[in-house]
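Dear colleague,

Please find below the structure that I am handing over to you.

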Amino acid sequence: MADLYAVIGNPISHSKSPLIHTAFAQQLRQSIRYDRIEAPLDGFVLSLSEFYKKGGLGANVTVPFKQDAFNLAHFRSTRATVARAANTLWFSGTGANVAIHADNTDGIGLVRDLRDNNGVQLSGKRILVLGAGGAARGVMGALWDEHPAELAISNRTPSNADALVNDIGVAIGADCIKVIAPAGSAEHRFDVVINATSASLNGELPAMPQDCFATHAVAYDMMYGKTLSPFLMHAAAFDAKTIDGIGMLVEQAAEAFFIWRGARPDTTSVIAAMKPLISLA
């Protein structure tokens with residue numbers, strides 16, 4: 001019988017995770033079944049419990065349940081603790097003694113896609129993250145670990161950016177994460193600008209400082225779609241290199257697969273296979 005895994009979210013029908021994890025399993029000759037579970041907005045805990053009772057071994061968690069997953073866990077990795085959110089869960093023990101373990105693979109997924117797949121050096125660079133929600137929280141720690149010259153954040157609601165900086169700063173010992181106002185011009189230009197907002201899902205341009213792209217900058221959108229997002233089109237007008245989030249999607253999944261199965265898939269072939277599927281979606 002195949003080992004059971006799933007992705008839990010709301011909505012979830014669009015998720016490419018089953019395709020990705022099935023490709024990993026085929027590549028590594030492992031037997032798994034990977035399902036989609038759409039949990040009611042107030043029903044994450046019950047949905048996860050039912051999944052476990054059916055024999056589930058591990059689950060990926062997507063919006064809007066990443067903080068619920070973190071709060072529910074008995075054991076949390078450093079990465080999840082820094083983000084205060086979890087996208088990867090697994091179980092140990094049985095019955096009344098079952099324990100839920102939580103990790104967050106978003107940050108390492110982003111870094112590996114930028115650094116390893118696209119050759120973007122992060123060390124010594126000025127990095128600006130747009131947004132202060134769960135997506136931003138999930139990647140700040142991993143970006144800081146790459147030793148940038150500066151790590152800054154800009155959000156439409158500055159108080160949310162301040163709250164994120166306070167939380168992340170305490171968790172990773174960084175006292176120099178700057179908050180940049182989204183209105184007006186940036187103090188200086190950034191080498192890497194990352195869109196961690198949901199604006200692209202709505203076909204909108206995220207709030208951002210004017211003139212924030214340095215010469216030869218890289219613009220990275222965590223979202224992906226058939227065509228360039230408004231953010232990437234805007235960045236391209238400043239001659240920035242544009243990268244969408246397909247690679248991050250595959251890389252964070254590969255880290256989760258490794259956590260669950262102890263085997264690390266090759267991501268290059270899976271990213272290549274995903275791109276035409278995204279363009280046809």
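A residue is called buried when its relative accessible area is under 20%, exposed when it is over 50%, and partly exposed in between, with a 1.4 Å probe and protein chains only. By this definition Phe91 is buried, at 15%, while Tyr52 is partly exposed, at 23%.

The model is predicted, so local features need pLDDT of at least 70 and side-chain atom pairs count only at pLDDT 80 or more, whereas totals for chains, interfaces and linings use all residues. Residues are numbered from 1 along each chain as its sequence is written, and side-chain values use heavy atoms, leaving out hydrogens and water.

The whole structure contains seven aromatic pairs. Rings of Phe, Tyr and Trp (its six-membered ring) pair if their centres lie within 6.5 Å; planes under 30 degrees apart count as stacked, over 60 as edge-to-face and the rest as tilted.

One of the pairs is Phe24 with Phe257, which is edge-to-face, at 5.7 Å centre to centre and 75° between the planes. Because Phe24 belongs to helix α1 (residues 17-27) and Phe257 to helix α9 (residues 246-261), this pair ties together parts 233 residues apart in sequence. Helices here are DSSP runs of H or I with at least four residues, and strands are runs of E with at least two, numbered from the N terminus. Phe24 is buried, at 0% relative accessible area, and Phe257 is buried at 0% relative accessibility.

Tyr52 and Phe91 form a tilted pair, with centres 4.9 Å apart and planes at 50°. Ring pairs also link Tyr5, Tyr34 and Trp260 into a cluster.
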